[in-house]
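Please go through the model below from the whole chain down to single residues. The text takes the overall build before the local detail.

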Amino acid sequence: MKLAAIDIGSNAARLLITEVTSDEKDNLVFNKLNLFRVPLRLGFDVFETGMISKQKTGMLLQTMKAFKHLMNAYEIKHVKACATSAMRDAMNTPDIVIRKVKLETDIAIEVITGDMEAGLVFENHIAETLDKDHSYMYVDVGGGSTELSFFSNGILNYKESFNIGTIRLLQNQVHDKTWEVMKEIIKTVTKGQKEVMAIGSGGNINKIFSMSKRKEGKPLTLDLLRDYHKELSSVDLEARDKLYSLRPDRADVIIPALLIYINAMRWAGASEMYVPKIGLADGLIRHLWDEVNQH
């Protein structure tokens with residue numbers, strides 16, 4: 001069965017198309033057929049003005065129409081579309097944007113809470129496949145928010161969303177108090193637990209992992225992330241594009257993203273981070289699979 005998930009984030013919109021099959025032992029296999037990404041950058045509007053502009057609304061509508069054509073080409077029958085931090089904060093989201101998209105594409109967008117977003121990232125169940133000698137903290141960094149989930153002794157102990165995101169940081173819209181709250185919560189949740197390993201998700205950490213030339217399954221170290229933060233911060237935006245082959249919509253957000261990952265790891269006492277290259281869209285696919293099977 002082919003399924004589709006649409007993740008409308010603060011920096012980009014993504015369409016993930018996945019085929020779900022079974023192996024010879026009857027285990028489910030989620031095979032990614034394609035991932036399409038459009039850098040809409042809704043957060044630059046919303047976190048500054050509180051609204052999605054007419055221009056961005058038009059871009060979002062065109063993107064959803066393109067996604068609809070792609071889903072038709074793949075003969076997709078089931079799709080789940082969710083929007084996160086920028087759409088959560090936009091004052092004109094429910095009335096204008098979502099209704100327009102539904103009317104013209106028949107795609108129903110659900111604006112999800114931060115807690116639900118953290119839960120959906122956790123639905124990839126990466127921690128359950130790793131060793132039992134550690135506890136695991138998922139850190140999912142987006143343009144508008146960071147989602148944390150903490151998994152220890154086979155149990156999801158904690159999940160929460162914080163309004164600390166790459167675009168908010170670029171716009172100087174994250175207060176020291178928000179950082180302090182996140183720091184205290186991480187320290188409290190991880191205190192007295194087994195040694196913490198971080199699990200990083202989001203386009204920025206995936207890019208860093210690719211740049212590191214690490215083998216799949218090998219973790220990144222905290223020291224390496226610090227080195228990348230220092231190295232990338234030492235050159236201006238234009239040079240960053242060219243030297244590191246970064247797209248413009250990645251080159252500006254990658255430094256604040258590294259800062260968030262580094263802080264989260266420091267406060268949790270984690271020296272290593274796994275980067276399984278999963279994200280919200282992958283969690284949405286698994287959630288959709290469960291929904292389809294229940295019906």
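The model is a predicted one. Its protein chain holds 13 helices and eleven strands. The C-alpha atoms occupy a box of roughly 50 × 50 × 35 Å along the principal axes. A compact globule of 295 residues would have a radius of gyration near 19 Å, and the protein chain agrees with this because its own value is 19 Å. Of the 295 residues, 54% are buried. Among contacts with a separation of 6 or more, 68% join residues 24 or more positions apart.

Helix H12 takes in residues 254–268. From its first C-alpha to its last, H12 reaches 21 Å, close to the 21 Å expected for its 15 residues at 1.5 Å a residue. H12 is mostly covered, with 13 of its 15 residues buried. Just after H12 comes Gly 269, with a positive phi of about 70°.

Helix H13 spans residues 280–294. H13 also has 15 residues and a reach of 21 Å, close to the expected 21 Å. Its buried residues are Leu 280, Ala 281, Asp 282, Gly 283, Leu 284, Ile 285, Leu 288, Trp 289 and Val 292. An α-helix has 3.6 residues a turn, so residues three or four places apart point the same way.

The last topic is phi. Most residues other than glycine have a negative phi. Glu 75 is not a glycine, yet its phi is positive, about 60°. Glu 75 sits in the loop between helix H2 (54–73) and E4. With a relative accessible area of 58%, Glu 75 counts as exposed because that value is over 50%. Lys 277, also a residue other than glycine, has a positive phi near 55°. Lys 277 belongs to the loop between strand E11 (272–274) and H13. Its relative accessible area is 29%, so Lys 277 is partly exposed.

Conventions
Residues are numbered from 1 along each chain as its sequence is written. This is a predicted model: local features need pLDDT of at least 70, side-chain atom pairs count only at pLDDT 80 or more; totals for chains, interfaces and linings use all residues. Side-chain values use heavy atoms; hydrogens and water are left out. Helices (H or I, at least four residues) and strands (E, at least two) are DSSP runs, numbered from the N terminus. The expected span of a helix is 1.5 Å times one less than its number of residues. Buried means under 20% relative accessible area, exposed over 50%, partly exposed in between (1.4 Å probe, protein chains only). The radius of gyration is taken over C-alpha atoms; the globule rule is 2.2 Å times the number of residues to the power 0.38. Contact means heavy atoms within 4.5 Å.
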